[in-house]
Amino acid sequence: MNNYETVFILNPVLSDEQIKETVKKYEDFLVSKGAEMVAKEDWGLRKLAYAIQHKKSGFYHLFEFKAPGEVIEPLELEFRRDERMMRYLTVKLDKHAVAWAEKRRKRNKEKA
C-alpha cells in the first residue's frame, strides 16, 4: 500500500449539499477499492490563479489515503467523467512527504 494525496477543485456553483455528496462519493469510492483514508480536509472556496471553465473560484478538498497503486487510474477516470470536477491532482507521497503531512495535520489541529 502506497501513500497518496489528492487535491481536487469542485465547481463553485454547487450547493453545500452537492459538495458534501460529491466528496462522500469519492471517499466511498476509495474505501470500496480497498483504500484507507488517513485524512480529509475541506479548504473551502478559494480564488483560482487563472480562470477554469470561465470560473474564477472553486471549492478545494484534500484526501490523504493509503491504497494499492491500481486504485489511482479508476479514481482519476471517475474525476474526468464528473462535470462537477474542475481540476484534480494525485501525488504519491514518499516518507518525507508523509512526515511533513503528519506535521501539517498536527499544526492545523493545534490552530483549531
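Mentor: Let's start with H1: at 1.5 Å a residue, its 17 residues should span 24 Å, and the end C-alpha atoms are 24 Å apart, which agrees. Keep in mind that this is a predicted model.

Trainee: Okay, which residues in H1 are buried?
Mentor: Ile19, Thr22, Val23, Tyr26, Glu27, Phe29 and Leu30 are the buried ones in H1. Looking down the helix axis, you find them within an arc of 155°, so the buried residues line one face of H1.

Trainee: And what covers the buried residues of H1?
Mentor: The cover includes E1, E2, E3, H2 and E4.

Trainee: Which exposed residues sit on the face turned away from the buried side?
Mentor: Glu17, Lys20 and Ser32 are the exposed residues carried by that face of H1.

Trainee: What about the residue Gly34, where is it relative to H1?
Mentor: Gly34 follows H1, and its phi is positive, near 95°.

Trainee: Let's switch to the core. How many residues does the largest nonpolar core have?
Mentor: That core has 19 residues, and those with the most contacts inside it are Phe8, Leu10, Leu30, Phe63, Phe65 and Leu75. At least two residues each come from strand E1 (2-10), H1, strand E3 (55-67) and H2. H1 supplies the largest share of this core, with 5 residues.

Trainee: What does Phe8 touch?
Mentor: Leaving out residues up to four places away in sequence, Phe8 touches Val23, Phe59, Tyr60, His61, Phe63, Phe79, Met85, Arg87 and Tyr88. There is also another core of 5 residues, apart from the largest one, and its members include Ile9, Leu48, Tyr60 and Met86.

Trainee: Now the charges. How many salt bridges does the count come to?
Mentor: The count comes to 9 salt bridges. As background, side chains of opposite charge can pair when their charged atoms come close.

Trainee: Which residue does Arg84 pair with?
Mentor: Arg84 forms a salt bridge with Glu21, and their closest N and O atoms are 3.6 Å apart. That pair links distant parts of the chain, 63 residues apart: Arg84 is in the loop between helix H2 (72-81) and strand E4 (85-93), while Glu21 is in helix H1 (residues 16-32).

Trainee: Is Arg84 buried or exposed?
Mentor: Arg84 counts as buried because its relative accessibility is 18%, below the 20% cut-off.

Trainee: How about Lys24, which side chain does it meet?
Mentor: Lys24 meets Asp28 in a salt bridge, 3.0 Å from N to O. The two are 4 residues apart in helix H1, so about one helical turn separates them. Asp28 is partly exposed at 38% relative accessible area, and Lys24 is partly exposed at 46%.

Trainee: One more: what forms a salt bridge with Lys40?
Mentor: Glu27 does, with the closest N and O atoms 2.9 Å apart. Here the pair again links distant parts of the chain, with Lys40 in strand E2 (residues 36-52) and Glu27 in helix H1, 13 residues apart. Lys40 is partly exposed at 45% relative accessible area, whereas Glu27 counts as buried at 16% relative accessibility.

Terms used: Residues numbered from 1 in each chain as written. Predicted model: local features only at pLDDT ≥ 70, side-chain atom pairs only at ≥ 80, totals over all residues. Heavy atoms only, no water. Salt bridge = Lys/Arg side-chain N within 4 Å of Asp/Glu carboxyl O. Buried < 20%, exposed > 50% of the residue type's maximum accessible area, 1.4 Å probe, protein only. Core = buried A, V, L, I, M, F, W, Y, C linked by side-chain atoms within 4.5 Å. Contact = heavy atoms within 4.5 Å. Expected span 1.5 Å × (residues − 1). Arc of directions from axis to C-beta.
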